[in-house]
Every structure is written in C-alpha cells, then in structure tokens.
Amino acid sequence: MTNETARIVEALQPVTLNKLTPSDRFLIIQVEPENTTKALKIMTDALGIKHLSTITGQDLGEGVCIDYQFAEPNHIVAVRTIIPKTSLKIESGTAVVPGAILYEMEIHDMFGVVFEGNPWMDRKLLLPDNYPSDIPPPLLKTTSTEKIRRAVGVEK
Amino acid sequence: MQEDHEHDIPSVKEASAGLAQYSVENVVPFGPVHPALKEPEYFKLIIEGEKIVDVIPRIGYVHRGLEKAAEQRQWIQNIYMFERTCGICSFAHASTYVQAIEGLMMYKLPERAKYIRLIIAELERIHSHLLWIGLMGYWSGFETLFMWVWKDRETILDIEEAISGNRVHKSIATIEGVKRDIPEQLIPGFVERLKYITSRAQFYKEIVDTEETLLVRTKGAGKISADTLVKLCAVGPLVRAAGLAIDVRKDDPYAAYGDVPLDIVTKSGVDIHTLMELRLEELVVSANMVIYALQNLPPGPVKIRVPPVVPKGENASHSEAPRGEIFYYVKSNGGRIPDRVKVRTPTLANLSAALEMLKGQTLADVPVVLTGIDPCFGCMDRLSFANNDTQKSWRWSGEQLRRYGILHYFPERSK
C-alpha cells in the first residue's frame, strides 16, 4: 500500500465496514448506507479528493451495490455501499459532490434506487418515456433482455 | 384536442418536471431534432427575453443498452461492441476496456504494443480535435474553415487506415496487445504527413486568433469558472482551459505515456475561443508524440496469446480520450462472460458543466456553446406543451403531431 492509499484508509477508518484492495491501483472502502454521505464528505473535504469519476451500480442478488468511484493520481478509490432490495433508498450525495447529479439519475433509471435529496429524481434520464412502470429496472439481473425489448415495443 | 390526449400519455408528470415555476412563453424546446445538433439531445431552455436563465436536459435518445448487452457476450466480443460506443474516439473505448481486463490478468503487456496503443490514441485525438475545430467554424458561420480542416483530417484518417485497415472503427485493441503491427517502411511517410498537420495547425491558430467572424462568436461565449468545473467533476480540455493541469495521461500513465514526452497545455480561463486555441495546441503536442513514438518504436511482439476466460475479480480503469476521461469498471466471475461492465463517457461528465455554461448566454449562442464541450450524444423525443393558466403540461407523440398538422391545414379531414 502506498502512502497515499494509507492516508485514505486512515481517514475513512471511522466509517469503514470493510476494505478491499483488488489491485494496488484500485481501493474499495465499504461503508454502511447511512454513512455514505459522511464518507463522501471525508473524501472531498478532509482528503481533498474532489473528482468523482462516476457512480457504478450492480445487482448483487439480495442488494444493489453502489460504488462512488473517485479518480486520483495513480489509483482509483471507490466508496462502496450495499442497500437491500427491500428498500432501495439512499441519501443523495449531490449536497457534497454536485457533479453526482446525473450519475445518480442513471442509477435511478437502471436500478430503481431513489436518491433522497436529488432534485431531479422526478424524471428519467436515459430510459425511454414509454418504459413501463410495471417492468423492473433494466440492469437488474432478473430483468431479461427479451422482457425489455417487448416492453419498449422493439419485439412482439 | 389537448383535453383528449392529456390522459393518453403516461409521462405527463415527467414532461412537466422542473417547469412548474416558469411560464409557458419562457420555455423554448431545443432538440432533439435540431439543425444545430448532429446527434439527438433535448434541452428545455428557459429564457428571459433573449437570455437563457435555466436549462433542463433530457438524454438517452440513442441509449442502446450496451451495459446490459455486455453481460450476454464474451469478453473478446465486447471489445468490438464497446468500440462502437463512439464513432470518433472508438479506440479510447476499446483500449480502456481491455486495460481494465488486463488489470485482472497477470501478464506483462509487450513494449511495442504499448507504443502502438499510444500512437493510435494520439492519432485519434488529432482527428477528433480537427473535427471539432471544423464544426466550430461551421456553427460560427465560417464554413471555409470547416472545409479546410476536414480535408486535413483525412490525412490522419489515411494514416489510421494504413495501420489498421479502417478509418474509424480500427478494431486494433485486443486483450494483452494490439492486433496489427506498424510496418517499418510506412513510418517515414507518416512522419511527413504529421509534420504537414503541425504546419496546418499553426495556420489555423493564426486564423482563430485574427479572423473577425470567429472572434465575435467565440470570445467571451460559454464562460465558466475553474471552481465550478471542479465541483461538477468536469473532465478533459474543458478543465485544462480553466488552468487546471488535469490529464489522465500524466496523472495515471497507461500504455507508453510514461516514456514519451508529454506537455500538458493549459489556458487561463474558459470560453469558446480559449477552447479552440487549446485544442489546436494539444493537437500539435499529440502530433509530436506520435512522431517520437514512431521513431522510437521498440522491437518485439505486439501481442500475447491469452485464454478467453478472465480471472475472478473486479477492476476499474480510466484513460484520456479526446473529450476527457473515459472510465470503465469490469467485474468477472471467472468465466467467459463479464458479470458487470460500466462505462462512463466524457460527455456525461461534462454535461452538467455545459448546462452551467449555457446560463446567461443568448439563444443564438446555444449551438456554439453546446458544441464547445465537444458533445457526443444521440436523439428522438416529442414536443412538450405547457399551459400557463392551468399549470399543466403534456406531450404529443409523432403521430399526434402529424395528425394535428394535417387537421390544421385540412380541417375537413377530421370527419
């Protein structure tokens, strides 16, 4: 671990649930969903890491995993949180990182996660207007491609 | 007619999202089909007189669901699919995707392959920047510049064709290497053509700095501060024009970027004029990098044969495409098919900044300022209506709009 990553790990220690280092260039810090905004604040204010590259969502079966991926010289740091599918809600990070607004809308479209506090949660960003509300969001593993194609009228 | 359709359309609530506080005559729908947009994208421009006070975006008209499709294709097949994310920076997508995979494999990329990747990436930057300069000329009413620049851009496309066999979708990146080598006998010709491009860039620089048509349209248009850009997580030439030396090629060197001399060009404030200057200077730096790399090409193989399965794990990778940072995240379960691939293109990162840049501009400046971020989007929406008295808004589909048009001119057909 380099000095720089050690500094990040130390600063995020109070909120850390789990630490993963898939490679020496990629660091993942997992936090509780309610601590996400706190962790983002530590990243931007205390550590001065302000460039949020993107937010990645993935379907883990019982929950949806959300990674806030920050790019730093020589490595990428992700703040990870897993929220249960029973309540797909999380506090929005836009108050801390204003640039997160469109990425959060993307996760909202693709996984159905509601970011409370994001001013644009009332509209779609990427999905077609005729995407039916009774079909689960497209990037969940349970939603098949055929289902999506039928729903938006590409296939009968 | 409006009462009939108000209940037919499911997305009435969405169509009016964000519009409640504005009156109807202040909303100008811009796009998705508009002469100033080469690709579909829709903006609701809220104007006061001629001035834009707010912008509400709607994207996704050419969203094809690549991330979902990637989960059903093999790792190798996905290279060629992700290459088609963009018709300009195709190699940037393919190479960032394979870099992410290479992070999960335990091989060492051959030196020659690293150099060839740099060469292709920089050639792509040159032709993408040239394309943009041409478009800027076009939108500011200086079509001759557009024709000159696009003719010169062909020189670069010819080099790419000579190396890879294709002008745009080069399909040259592959896991742990590149698919084609650069024949030694072609190198002197490439160097000559790149020197020609460098001299042309100097000529264009002169034009950009002196030509009245361009100066009037571009100086002072689309201003934005460095602080705002950092807050909105903007990337690429936009942040460098604001004076921040942020570039993945320098911050997190990949391919052969650690070995080849690189000057980061920065400017002291963003407006469309400095963006033009910056891109012209960057293009010269790129041409010099390609010349250096061609002349110092290390010998050896260009590719290692690897099995089609990727070890279990997850990795993220980013690189500097012509428009800014491209980001890929991949997750493997150890099989032939990825579990998850995430793509973030530079235009999405710069969109929030573009909305900021539009505020305070006049309606006539929209094409110039929007093109300023070098956008790369896609299209197809419907008309939005708002009724000031009832505070309601609704949409018409293409068919409804067509019917309305016919009935307007031929009312007798309604029977």
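A nonpolar core is a set of buried Ala, Val, Leu, Ile, Met, Phe, Trp, Tyr and Cys residues joined through side-chain atoms within 4.5 Å, where buried means under 20% relative accessible area, exposed over 50% and partly exposed in between, with a 1.4 Å probe and protein chains only. The model is predicted, with local features needing pLDDT of at least 70 and side-chain atom pairs counting only at pLDDT 80 or more, while totals for chains, interfaces and linings use all residues. Residues are numbered from 1 along each chain as its sequence is written, chains are lettered from A in the order in which they are written, and side-chain values use heavy atoms, without hydrogens and water.

Begin by selecting V113(A), Y97(B) and L194(B), the residues with the most contacts inside the largest nonpolar core, which has 166 residues. Its largest share, 16 residues, comes from helix 6 (residues 111-139) of chain B, helices being DSSP runs of H or I with at least four residues, numbered from the N terminus.

Next, select F26(A), A78(A), F327(B) and Y329(B), which are among the seven residues of a second, separate core.

Then move to F146(B) and W150(B), an aromatic pair that is tilted, 5.0 Å centre to centre with 45 degrees between the planes; rings of Phe, Tyr and Trp (its six-membered ring) pair if their centres lie within 6.5 Å, and planes under 30 degrees apart count as stacked, over 60 as edge-to-face and the rest as tilted. Because they are four residues apart in helix 7 (residues 143-164) of chain B, F146(B) and W150(B) are separated by about one helical turn.

Technical notes. Helix = DSSP H or I, 4+ residues; strand = E, 2+ residues; numbered from the N terminus.
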